[in-house]
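Subject: Structure handover and notes

Dear colleague,

I am passing on to you the structure below, together with some notes on what was found in it. Please read the notes with the structure open beside them.

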Amino acid sequence: MSGLRIAILCPTPEYEEDWSHIKGDYARLLGDSAVFIDWTKANDFSGYDLVTPLLAWGYPRDCARWFALLDQLEAENVRVSNPVSILRWNSDKAYLAELEAAGIPSVPTIWSALLDRVALEDARKSFNVETLIVKPPISGGADGTFRLNRDDNVPDSVAGQRMMIQPYVPNIAEEGEYSLFYFAGAFSHSIVKRPAKGDFRVQEQYGGREEAVTAPDGALILAQRTLAATAKITKSGPLAYARVDILRDGNGVFRLMELELIEPSLFLRFAPDEGAAFAQALVSSA
């Protein structure tokens with residue numbers, strides 16, 4: 001990697017989630033090539049061979065700035081992994097509807113333009129469930145995500161907002177959520193994530209835990225179909241990195257939860273090669 005300079009966009013100093021261990025992974029794998037830049041202050045990319053948003057955590061909290069940054073990267077023809085067109089497409093979870101239309105089963109979702117009690121009651125009738133999950137279409141790290149029972153009020157922070165409404169799938173706490181990781185289109189490793197007792201969020205900051213696992217065949221098949229459908233929809237080739245999050249529902253059907261192509265945690269400590277394939281894929285995209 002001699003002479004290569006890679007700008008890794010990272011959180012603002014005020015961002016509360018600890019990302020130091022992931023920064024350590026990237027520094028270990030990329031050495032002096034890696035330069036970490038606050039994504040909100042990144043504006044001059046002339047000295048870099050590659051820009052990656054892999055640590056741009058918190059971007060959904062400032063969407064206008066995020067999309068302006070993508071516009072700048074595109075206008076200046078900056079080399080980015082993954083491509084700017086992919087980042088823009090993946091920023092809004094409306095991509096799930098496109099994938100569903102392409103035959104990729106996902107968690108059933110109602111897209112509410114204005115979240116209120118009426119929208120929740122309509123969703124309960126439609127899904128035939130009592131407990132719902134609501135989340136913003138542009139979000140990360142479970143920000144703005146709530147589990148709502150029938151007697152719960154609409155949280156003030158999301159009332160009247162454009163939101164996704166989904167049925168709560170109890171298997172998230174039982175079997176867990178699978179994450180499958182691909183670098184340059186090739187499968188690397190997989191993990192299963194489970195929430196803390198009584199919670200529904202699998203993220204580490206909420207007490208979630210993860211472990212290496214051999215992904216079930218059904219999850220592997222769905223992940224590969226998802227990436228193939230993504231390539232067709234976006235007219236893109238193999239991506240430098242991708243994380244496919246999958247849940248098995250109560251009927252045994254594997255369903256796509258999210259496709260993470262911007263700033264996913266890659267859990268490289270579970271990769272058999274400790275991240276060597278990831279580093280090679282990133283460098284090769286420069």
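Predicted model: local features only at pLDDT ≥ 70, side-chain atom pairs only at ≥ 80, totals over all residues.

Helix H8 spans residues 276–284, and within it Phe278, Ala279, Ala281 and Leu282 are buried. These four cover an arc of only 160° around the axis, which puts them on the same side of H8. As background, an α-helix has 3.6 residues a turn, so residues three or four places apart point the same way.

In H1, the buried residues are Ile22, Tyr26, Leu29 and Leu30.

How do the axes of H1 and H8 cross? They come within 10 Å of each other and cross at roughly 70°, which makes H1 roughly perpendicular to H8. On the H1 side the contact is made by Tyr26, Leu29 and Leu30, and on the H8 side by Ala276, Phe278, Ala279, Leu282 and Val283. Sorted by class, the contact of H1 with H8 has eight nonpolar residues, no polar ones and no charged ones.

Helix H2 and helix H3

Another helix pair is formed by H2 (residues 63–75) and H3 (residues 84–91), which pack at an angle of about 160° with their axes 10 Å apart. Because an angle over 145 degrees counts as roughly antiparallel, H2 is roughly antiparallel to H3. The crossing in which H2 passes H3 is left-handed. From H2, the residues Trp66, Phe67, Leu70, Asp71, Leu73 and Glu74 meet Val84, Leu87, Arg88 and Ser91 of H3. The residues of this contact of H2 with H3 divide into six nonpolar, one polar and three charged.

Residues in the loops

Phe45 has its place in the loop between S2 and S3, and at 5% relative accessibility it counts as buried. If neighbours within four places in sequence are left aside, Phe45 is in contact with Leu9, Val51, Leu69, Gln72, Leu73, Glu76 and Val78. One of these, Glu76, is 31 residues away from Phe45 along the chain, while the C-alpha atoms of Phe45 and Glu76 are separated by 8.8 Å.

Asp49 lies in the loop between strand S2 (34–38) and S3, and with a relative accessibility of 36% Asp49 counts as partly exposed. Not counting residues up to four places away in sequence, Asp49 touches Gly3, Leu4, Arg5, Arg79 and Ala286. Asp49 and Ala279 are 230 residues apart in sequence, and from C-alpha to C-alpha they are 15 Å apart in space.

Val158 is found in the loop between strand S6 (146–148) and strand S7 (163–167), and its relative accessibility of 4% means that Val158 counts as buried. Apart from its neighbours within four places in sequence, Val158 is in contact with Leu115, Gly144, Phe146 and Met163. Between Val158 and Thr234, which are 76 residues apart along the chain, the C-alpha atoms are separated by 30 Å.

Backbone details to look at

Most residues other than glycine have a negative phi, and most peptide bonds are trans. Against that background, the following places may deserve a look. The peptide bond from Ser81 to Asn82 is cis, with omega near -5°, and Asn82 lies in the loop between H2 and H3.

Asn128, a residue other than glycine, has a positive phi near 60°. Its place is in the loop between helix H5 (117–127) and strand S5 (132–135), and at 69% relative accessibility Asn128 counts as exposed. Glu274, which is not a glycine either, has a positive phi of about 60°. Glu274 lies in the loop between strand S12 (254–260) and H8, and at 52% relative accessibility Glu274 counts as exposed.

How values were computed:
Residues numbered from 1 in each chain as written. Heavy atoms only, no water. Buried < 20%, exposed > 50% of the residue type's maximum accessible area, 1.4 Å probe, protein only. Helix = DSSP H or I, 4+ residues; strand = E, 2+ residues; numbered from the N terminus. Arc of directions from axis to C-beta. Axes fitted to C-alpha atoms, helices over the stretch in contact; angles between N-to-C directions. Parallel < 35°, antiparallel > 145°, perpendicular 65-115°, else oblique. Left-handed = near helix turned anticlockwise from the far one by under 90°. Contact = heavy atoms within 4.5 Å. Nonpolar A, V, L, I, M, F, W, Y, C, P; charged D, E, K, R; others polar.
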